[in-house]
Amino acid sequence: MRRTYIGELEEVVLLTVALLYDEAYGVAVTHSIKEQTGRSISISAVHATLHRLADKGFVNSRMGGATAERGGRRKRYFTVTPAGSCILHEIQDTRKQLWKRIPPQALQWKML
Amino acid sequence: MEENSSASTTVEDAMKPSIPNPPRWINRLLESFCALHLLEEAQGDLQELYSEWVAEYGERKANGLYAWHTLKFFRLSMIRQPQNLFSFNVINMLENYLYTALRNLRKNKFYSLINILGLAVGMTGFVLIAQYVFFETSYDRFHAHNNQIYRVQLNQYQNGELTLASAENYPGAGPALVEELPEVVEYTRLYNMGYKNNVVISYEEASGGPVQFKIDKFLYADSSFFSLFSFPLLQGDPNRALAEPFTAVISESYAKKFFGDEDPIGKTLRLQDDDFNDERCKVTGVFQDVPQNSHLKFEVLFSFRTLYNRGDYARERYDLTWDRKDFYTYIRVQEGTSPETLAAKFPAIIDQYSPGLAEKQRKDEFLLQPLKDIHLYSDLAEEAEANGNGQVVYFLLIIAVFILIIAWINYINLSTARAMERGREVGVRKALGAFRRQLVKQFLFESMLVNLLAIFSASLLISLLLPVFKDLTGLQVSVAAFWGQAWLWGLLAGLFLAGTLLSGIYPALILASFRPTRVLKGTLRSSKHGTRLRQALVVVQFAAAIVLVVGTAIVYQQMQYMLQQDLGFNMEQTLVLERPSIRSEDWGVYEQGVNQFKTELLRSSAIEQVSGIDFVPGNARKFKFNFRQYGAAPETARSIRVNGVDFDFFDMFEMDMLAGRSFSETHATDWDTAVVVTESVIRVLGFDSPKDAVGETVTINWGGQEAAKNIVGVVNDYHQASLREAVEPIVFLPSGFATEYYTIKTSTQNLPQTIAYVEDIWKAVFPGNPFSYFFLDEYFNRQYQNEQRFSKLIQIFAVLALFIGGLGLLGLSAFTAQQRTKEIGIRKVLGASVGSVILLLSRDFTKLVIIAIGLAIPLSYLAMNQWLNAYASRIQPGAGIFITAGLLTLLVAGMTVSWQSIKAALANPIDSLRNE
């Protein structure tokens, strides 16, 4: 099976969805990314990324109830699928292995 | 993912008051492009963010952010995909429209041709005239500071009467204005040798012997010249090039002519003129050739300071004086300076620098002329070149617009008249479910197609006609340069759009409004209303055409009148030479040279007479002095133009000596005291009759000095200037051999040989002077160049208007005849004659043309009378012109209509009645 790759922004969004667990929808994800990483991502970019993740099968979505502050429109909540969880773990493992193999002097620049 | 996502508008409305509302149109924008299944959440999130933004930044900024973030949803993954049927349908429909339109054009070749040809011809005329207008209005706009540059005009009054309105000013004026007024940033002065520039400039060190040119496009210019104006320098420093005395800056092409491929910088040019000036200047710069749309045209500039070295009084004469005025003076003012407020400060400055004018019953006035208005709106004494005429330029533009309208009317008329034929198509389309809007679109599409074809044809025509147009207007523009103009493409695009909409929308609305039930049943007849409108439009077309025909006739007649009018002297077969620029300073030697020149010329049997004059008729240069009867009070003095002539001048120019005698060499005192005056001088100075005036003495005041002159003769009045101007009184002074021009009366035979003979003698007697000549009649008639151009242009327009109008009428009459084929057949079967049928078919159109004539005659009379009023000597347009123009139009219309009527009338009724 061909592996599905995941971009850096996608990774951040996916992690944020996981972090928010049951409360992950567009605005919440945007705000959370801003708080956690300091990055300002426009709402449209977040939407685009979420739907891309959904197409790749890493998240699921369901519609919530209508609320007044949204002018009566419903929220779409996202949750991480098993495939999403899998890929997040995989990424972390890959990174850990890479870190382990880096010779210590290669990243010594900070000490100077 | 594919949940139902229809927006719940009722809830939205209910929630409105509690939350801030983002602008509706932005929401609608999002709705227009966002994929439907993504819309709800997107709008919801945006709304939520919007509430936050309002709380944080206030509504204004929140709206901006909202719009920005909404726009960012426009990305490939989020916009609605064109997979819905509707979009494909649009393309299919367009294809269908294109087919229908092309079929329709092909099926009705005759009408299509009329439509496209009419539009193309109209557009061609319009674009060419637009080019002309654009050029005329583009004068001097290439200067970076053109909005802040003014020329300072000088008006002189004597005894309260305006005696001179000049483009030139005192040399002291420019420096004084900069000194006294903080708003005036800088000035520059230009001097053209007292408006005469009889100058030869030579490069003497050239390897192949001296290179010499007689250059009249020559000026002395202040060092500020290149900073005030924006003539680009190719070599040299714009701020330093003319700063030193004896420096020169020359044009690129003259640099080539003088120095070939050598570097011009540092080379010496020598100037010699007929007033014995002899100056050597070093070239310090080369400027790009002056563009055609500059009112100042020059090939060589010498530094102004060079003038200060012309003897002890030079500084006074050329820099300081407020007495002699032969300097174009331009000033640049600070941005935002109002010319009116600035001009209000001039009188005080004139009083300060030029005191005591009032005691001499004089008054001076400075006026500011915006640089870019000079070409079209200035008509002063001593203009730098013959200017254009703004009124005529806009007149032409209006005419061009009319031509275009006439062409559009054709399209409207033909398509509405033939609407019936398309009625069935409309009916079927509607029955099959077409909306009115779609039909309007369809017919607009058709008119777009016709206009597109017309634009292409017009572009072709324009390219073909450009050389002719260039000859006609004197405009230097190559085909490539012409099509390289950005505004032209804008204009074509505008014409295309305007044409499509203006000519297309009305027919489209009419066609689209047909009721399917009625057209399909065949009960729809063309409405009275539509016919009325068509008739009105035809009247407009022909009225415009008639106005143009009348205009053409009147302009032509006035031209002929001016060219054939007795000018008061005979200028035929007269060759004119300017006196040599390089000549001996010894007057004896000079006189001997001139006399030798004349004697040798007269040896040829082809030369009848040789004389001389200072101001050739048609020369714009003017000198005026104050004259009064001897002993009369100074207040009675009148400013009168003077001219200097050789002894035999009146004889050669065949002027009538009304009383007294001509100047004569045998009267020794003539040189000092004699004057000959024209008839009107007698009246102006208050003498009773020519006879009484002869022998009387007048006082002449030349710049403060008074002298007594004796009137020895009175000649008839003559036109020194063009017939636009009234006859001026003129006082002649004897100049003898010293006149500035030599006039040579030749016999008609073998002119080239005679000119060669004159040239040989010229070269022998005045060595080192380039030979150049002109014919007096051509020179004089060059004053009518503008009129001639206008006359030709309006002629062309009149023909165009008649042609296009005729085309339209042809189409309409052909259509009417076609529609009435059966009726005519029945009439003929019942015994109608061919003549009566022709009459029947032609009557309606003839009526329209006659109404047009009735409208056009008063209109054209008013317009042309206005035009003629600019001429001191003018024709009175007689009834003949109007009758002829009316008949001509009637003839064209009649022929057009009867061609179709006769065809219809001659047709065999069997053919038309056979099929039912």
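Predicted model: local features only at pLDDT ≥ 70, side-chain atom pairs only at ≥ 80, totals over all residues.
Me: Change of topic. How many aromatic pairs are there over all chains?
Reply: The count is 69. One of them is A:Y25 with A:Y77, which is edge-to-face because the ring centres are 5.8 Å apart and the planes stand at 80°. The rule pairs rings of Phe, Tyr and Trp (its six-membered ring) if their centres lie within 6.5 Å; planes under 30 degrees apart are stacked, over 60 edge-to-face, and the rest tilted.

Me: Which parts of chain A does the pair of A:Y25 and A:Y77 tie together?
Reply: A:Y25 is in the loop between α1 (8-20) and α2 (26-37) of chain A and A:Y77 is in strand β2 (residues 74-80) of chain A, so the pair ties together parts that are 52 residues apart in sequence. Helices (H or I, at least four residues) and strands (E, at least two) are DSSP runs, numbered from the N terminus.

Me: Are A:Y25 and A:Y77 buried or exposed?
Reply: Both are buried. Buried means under 20% relative accessible area, exposed over 50%, and partly exposed in between (1.4 Å probe, protein chains only). In chain B, B:F225 and B:F226 also form an edge-to-face pair, 5.2 Å centre to centre with 85° between the planes. B:F225 is buried at 0% relative accessibility, and B:F226 is buried at 6%.

Me: Which residues lie over the faces of B:F213 and B:Y308?
Reply: B:K257 lies over B:F213, at 5.8 Å from the ring centre, and B:R315 over B:Y308, at 4.6 Å. To count, NZ of Lys or CZ of Arg must be within 6 Å of the ring centre and within 35 degrees of the ring normal.

Me: Now the core. Which residues touch the most other members of the largest one?
Reply: B:L495, B:F650, B:M655, B:F732 and B:F797, out of 120 residues in that nonpolar core. Helix α28 (residues 785-819) of chain B gives the most to this core, with 15 residues. Apart from it lies another core, of 29 residues, among them B:A206 and B:F258. A nonpolar core is a set of buried Ala, Val, Leu, Ile, Met, Phe, Trp, Tyr and Cys residues joined through side-chain atoms within 4.5 Å.

Me: What is B:F732 in contact with?
Reply: Leaving aside neighbours within four places in sequence, its contacts include B:F649, B:F650, B:M655, B:A674, B:V676 and B:Y718. B:F732 also belongs to one aromatic cluster whose members include B:F569, B:F649, B:F663 and B:Y784.

Me: How covered is β20 of chain B?
Reply: Mostly: five of the five residues in strand β20 (residues 674-678) are buried. B:A674, B:V676 and B:T678 are on one side and B:V675 and B:V677 on the other.

Me: Which strands does β20(B) pair with?
Reply: β22 (residues 705-715) in the parallel sense over five bridges, and β23 (residues 730-734) in the antiparallel sense over two bridges. Strands pair if DSSP finds at least two bridges between them. B:A674 stands opposite B:N710 in β22(B), and B:V677 has B:V731 in β23(B) as bridge partner.

Me: Last one. What is the phi of B:E382 and of B:E654?
Reply: Neither is a glycine, yet phi is positive, about 60° for B:E382 and about 55° for B:E654. Most residues other than glycine have a negative phi. B:E382 is in the loop between α13 (374-377) and α14 (390-417) of chain B and is buried at 2% relative accessibility. B:E654 is in the loop between α22 (649-652) and β19 (657-660) of chain B and is partly exposed at 48%.

Notes. Residues numbered from 1 in each chain as written. Chains lettered and ligands numbered in written order. Heavy atoms only, no water. Contact = heavy atoms within 4.5 Å.
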